[in-house]
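Please look through the structure below before reading on.

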Amino acid sequence: MERFICIHGHFYQPPRENPWLEAVELQDSALPYHDWNERIAAECYAPNATARILDGDGRIERIVNNYSRISFNFGPTLLAWMQERAPDVLHAIVEADRVSRQIFSGHGSALAQAYNHMILPLANRRDKHTQVLWGIRDFEHRFGRMPEGMWLPETAADLESLDVLAELGIKFTILSPFQANRFRPFSGGEWEDVNGGHIDPTRPYLVRLPSGRSLAIFFYDGPVSKAIAFEQLLKDGPQFARRLTDAFDEKRGWDQLVNIATDGESYGHHHRYGDMALAYALQYVEANQLARLTNYGEYLEKHPPAHEVEIHQPSAWSCPHGVERWHSDCGCNSGGHAGWNQQWRQPLRGALDWLRDQLAPRYEAKARDFLKDPWAARDDYIAVIHDRSAENTARFFSRHATHELSDAEQVTALRLLEMQRHAMLMFTSCGWFFDELSGPETVQVIQYAGRAIQLANDLLDENLEPGFLNTLGFAKSNLREHRDGRDIYEKFVKPAIMTRETIGAHYAISSLFESYPEQARIYSFTVHQEDRQLFSAGQTRLALGRIRVAFEITRNSDVVTYAVLHMGEHNLNCGVRFDGEPEAYAALVNEARAAFEHADFAEIIRLMDRHFGGAHYSLKNLFRDEQRRVLNQILAATRDEIHNTYRLITDRCAPLMRFLADLHAPAPKVLEVAMELVLNAELRRQFESDSLDLERVRSLLAECEATKVALETDVLNYALKEHMDRLSDQFLKRPEDEALLQRLLSAADLIHSLPFEVNLWKPQNTYYGMIATSLSEMRQRALDGDETAKAWVEKFLMLGEQLGFLVERKTS
């Protein structure tokens, strides 16, 4: 009997992009990171690409890429985010799949995933097909090969979903042992009941489908997988390895595969240092020859199924009631909210199903004017999503257009296809997974529906919103202030809906606080400035302009005229109109100039009312990131004034605070607040600066300790992490810069004296990479008698020790 181990990580985040901007906006709940994708990438996705293996003293011996030795899948929408925001992590993931093919007999470790995590058993056949096809095409686009296996969202399966996988060339998928119903050998005999998770997970099975096709199924080891997710197994790497090997059974007379599957975020995000536990366990298994590491594709080739299986359908890994969690109040929830219910799930599902079924025939009828086969074009639209260049879009239309389309016809066809894309995005599973209708994941899917409705209204001259809200209104929130789905739509979806006017207003307002080039890119919009007039008088500024706004996704463009009056601080009024007439704009400029020259600001506001009607925009209408940036700019002077006032108080009262601390007597709350604000702010400024004043930092830290000031550890950790990241980037570009090396060494030395931990992930990665390049070169130069190189080598080794490495010092 030979023993094999395969560890699968399902890496996924729900799409968080604003449906109109095609970008993830600032999420305060993820602070100090910009958003949850960025935070989880820093805590999990990146660390698993460069996982540390420590020696017995906690020093770094090696840095390894976990992905190359496990099985994994990443959600396509998450990889699309990585391509823009974390390309180095995406590169490491793709490289790991390439390396895994060398390790595992030509079989890559990466699996595909149905595109946007739709629960396939609840989808119609057409959407099943597109979701699986888009998942395959996205995989091919990123990994350069056809996937052998596919992860089903929530492992949700029925025979039709499995048949779509088989039809499109997928060889296997992974399911929960609780999804197995019964099995029997190919040789025949009675079916054996394995309900309750009792199927043997150490071998693959074959499910025979009504179409005559078949698909291999791996059932993961339930107890070990559960221990990783919920029983703190990742706190100890050797214990993790032993738990894996304990799952082998000597009574079995055949080769055995212990395979586990969990959310990949377990390895670092849900469980801190889980990435290191995984790396150590993999090394421990191999070093001690406890089993052979493999992946599903390799194991399937060498151990084809000898048993057929029947599954419960529909079924999933995170709901014991089939797939009820995604359309009914089945009792499954994330917990912690006694008295809440999830009765909202059914009307939410009903509203979205109704909208899908309303859109489909209208899409087909309208699209036939432009596309030979509207549904084949939708299937192929993933090629445009991957590359929206004019050349690639032209190739798409050459394959699918009924005739040579005009620019306006291409815009209409692209908008129809976008309508269908959002009609699938609105079924992302996370919208039903959690407890509350007004939660961010559920609001996100309703926003996708809002975008589909907006496109339908524009394209079909038919308002589907009332019918949609009639059903959505039956979804009741657990929170009184949010009432129901209709109320949530009015609060969180309608204000988010963007038009050419809202894009114009954002540009107009933000242009007062930053300079735009003649052609600027704002998220997925391109803005071309045709004319701009700016008038200033003290704190008051008036900007007027005429711009062309183009949406890069659909290539639709419009001319917009704007006027914005800023009278200091947050007092701002903006008007925008859709306007193609240069004469009307010229009249506005002349009238506004005359009023401004006479400082008649009341007349300017009346002019704006006449030219732009009753629609006014303010700082509230800025997109969230720009809004925060502008507010910080406006508040900078106020913040500095408050800081300086508090600084005077703390300078005068610092001796008193020390005296009170020595007596263990409570300080007045107002003094505690002042000291905490000032000292944390000054430390943060030091860490955010390009040049660290080490003496000043140590003085501030001593003051904090003496006065018992609580440090804002999360904020300070992040600020110093960013400082170290910048230094390490500079050092990588200029490795011979000894002064820069000294700055890194001094900063690393400081970190050891801090009362909080600092994330040194990037400097450590940079250092580890330079060992084989810069250090080797400098050592050779030192051996040749270069005294400068000798000093560099000594400082570099000292830096390694400060960064936590096991440093090898050569005597000759």
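On a 1 Å grid over the protein atoms alone, a cavity is a set of points where a 1.4 Å probe fits but cannot get out, while a pocket is an open set with protein on both sides within 12 Å along at least five of seven lines; residues with an atom within 4 Å of a point count as lining. Points are joined across faces, edges and corners, and the volume is the space filled by probe spheres set on them. This is a predicted model, in which local features need pLDDT of at least 70 and side-chain atom pairs count only at pLDDT 80 or more, while totals for chains, interfaces and linings use all residues. Residues are numbered from 1 along each chain as its sequence is written, and side-chain values use heavy atoms, with hydrogens and water left out.

The structure has 3 cavities of 30 Å³ or more, and the largest cavity holds about 70 Å³ of space. Its lining includes Asn-124, Arg-126, Asp-127, Trp-375 and Met-424. Helices α4, α10 (345-367), α11 (374-380) and α14 each give at least two residues to that lining. Helices (H or I, at least four residues) and strands (E, at least two) are DSSP runs numbered from the N terminus.

The second largest pocket contains about 1,200 Å³ of space. It is lined by 42 residues, and Leu-21, Glu-22, Ala-23, Glu-84 and Arg-521 lie nearest its centre. Helix α2 provides the largest share of this lining, 7 residues. Among the other elements that supply at least two residues each are α4 (125-143), α14 (407-425) and β15 (519-522).

Now to the packed interior. A nonpolar core is a set of buried Ala, Val, Leu, Ile, Met, Phe, Trp, Tyr and Cys residues joined through side-chain atoms within 4.5 Å; buried means under 20% relative accessible area, exposed over 50%, and partly exposed in between (1.4 Å probe, protein chains only). The largest core has 175 residues, and those touching the most other members are Ile-7, Tyr-45, Tyr-67, Phe-74, Met-82, Phe-240 and Phe-468. Helix α16 (residues 440-460) contributes the largest share of this core, 11 residues. Leaving aside neighbours within four places in sequence, Tyr-67 is in contact (heavy atoms within 4.5 Å) with residues including Phe-11, Tyr-45, Phe-74 and Ser-109. Another core, of 49 residues, lies apart from the largest one, with Leu-660, Ala-667, Phe-687 and Cys-704 among its members.

Thr-554 sits in the loop between β17 (540-551) and β18 (557-566). Why is Thr-554 counted as buried? Thr-554 is buried because its relative accessible area is 1%. Not counting residues up to four places away in sequence, Thr-554 touches Val-411, Leu-414, Arg-415 and Glu-418.

Aromatic rings come last. Rings of Phe, Tyr and Trp (its six-membered ring) pair if their centres lie within 6.5 Å; planes under 30 degrees apart count as stacked, over 60 as edge-to-face and the rest as tilted. By this rule there are 36 aromatic pairs. Tyr-33 and Tyr-718 make an edge-to-face pair, 5.0 Å centre to centre with 75 degrees between the planes. This pair links distant parts of the chain, 685 residues apart: Tyr-33 is in the loop between β1 (3-11) and α1 (36-49), and Tyr-718 is in helix α25 (residues 713-733). Tyr-507 and Tyr-516 are stacked, at 4.8 Å centre to centre and 15 degrees between the planes.
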